[in-house]
Amino acid sequence: MSLTDFFDDWVRAIVADLANGLPPANDFEDYLNQEFIQPWVRGEITLGDMRRELVRRSAVLFASDHPWTQIHHGTADATISVSQADALIAAMDALGRTPPAFEAFLYEGAGHDVGALGGSEARIRSFFETLWP
């Protein structure tokens, strides 16, 4: 799972930590810090510029534009909070998106490694076979 909502509380806390000088904890935070947070802190971009870039990357805000989508996310993912999957699931549910066009699988206790999400490979393969028989 990748980020879908750059404005949820989890991301806001990361932004605050990075803006206050805490080091990035992973590649995602390092990218966010280098591309947006530190340029904003240094005054190289405005808050509006940073927000515009984060909106562009917030897939949940554009859920109605998504083609067929399948989500796989571990509930114990320490890299990307499950709140990101929850936000996109809620947006798709609100749009009435259902299988096979939209499917979501949350793996209880699993982390970020897709290989450790039991059954995900077969579900992904089946999803693509539905799209391209």
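Biologist: In which strand is the place of Phe105?
Modeller: This is a predicted model, in which local features need pLDDT of at least 70 and side-chain atom pairs count only at pLDDT 80 or more, while totals for chains, interfaces and linings use all residues. Residues are numbered from 1 along each chain as its sequence is written, and side-chain values use heavy atoms, with hydrogens and water left out. Helices (H or I, at least four residues) and strands (E, at least two) are DSSP runs numbered from the N terminus. On that basis, the place of Phe105 is in residues 102-107, which form strand β2.

Biologist: In what order do the elements of the protein run from the N terminus on?
Modeller: The secondary structure of the protein comes to 5 helices and 2 strands. Along its principal axes the C-alpha trace spans about 50 × 30 × 25 Å. Read from the N terminus on, the order of the elements is α-α-α-β-α-β-α.

Biologist: At what relative accessibility does Phe105 count as partly exposed, and with which residues is Phe105 in contact, leaving aside neighbours within four places in sequence?
Modeller: Buried means under 20% relative accessible area, exposed over 50% and partly exposed in between, with a 1.4 Å probe and protein chains only. Phe105 therefore counts as partly exposed, its relative accessibility being 22%. Contact means heavy atoms within 4.5 Å, and once its neighbours within four places in sequence are set aside, the partners of Phe105 are Gln70, Ile71, His72, His73 and Arg123.

Biologist: How far are the C-alpha atoms of Phe105 and Ser120 separated?
Modeller: Phe105 and Ser120 are 15 residues apart along the chain. The separation between their C-alpha atoms is 8.2 Å.

Biologist: Is α2 roughly parallel or roughly antiparallel to α3?
Modeller: Two packed helices are described by the angle between their axes and the distance between the axes. Axes here are lines fitted to C-alpha atoms, for helices over the stretch in contact, and angles run from 0 to 180 degrees between N-to-C directions. The axes of α2 (residues 27-41) and α3 (residues 47-56) come within 9 Å and cross at roughly 155°. Since angles under 35 degrees count as roughly parallel, over 145 as roughly antiparallel, 65 to 115 as roughly perpendicular and the rest as oblique, α2 is, relative to α3, roughly antiparallel.

Biologist: Which residues of α3 do Leu32, Phe36, Ile37 and Trp40 in α2 meet?
Modeller: A crossing is left-handed if the near helix is turned anticlockwise from the far one by less than a right angle, and right-handed if clockwise; α2 passes α3 in a left-handed crossing. The residues of this contact divide into 7 nonpolar, no polar and 1 charged, where Ala, Val, Leu, Ile, Met, Phe, Trp, Tyr, Cys and Pro count as nonpolar, Asp, Glu, Lys and Arg as charged, and the others, Gly among them, as polar. From α3, the residues that meet those four are Leu47, Met50, Glu53 and Leu54.

Biologist: At roughly what angle do the axes of α1 and α2 cross?
Modeller: The crossing of α1 and α2 is right-handed, and its contact includes Trp10, Ile14 and Leu18 of α1 with, among others, Phe28, Leu32 and Ile37 of α2. The residues of that contact divide into 10 nonpolar, 2 polar and 1 charged. The axes come within 10 Å, and the angle at which they cross is roughly 60°.

Biologist: What is omega, roughly, for the cis peptide bond that joins Pro99 and Pro100?
Modeller: Pro100 has its place in the loop between α4 (82-94) and β2. For the cis peptide bond between Pro99 and Pro100, omega is about 5°.
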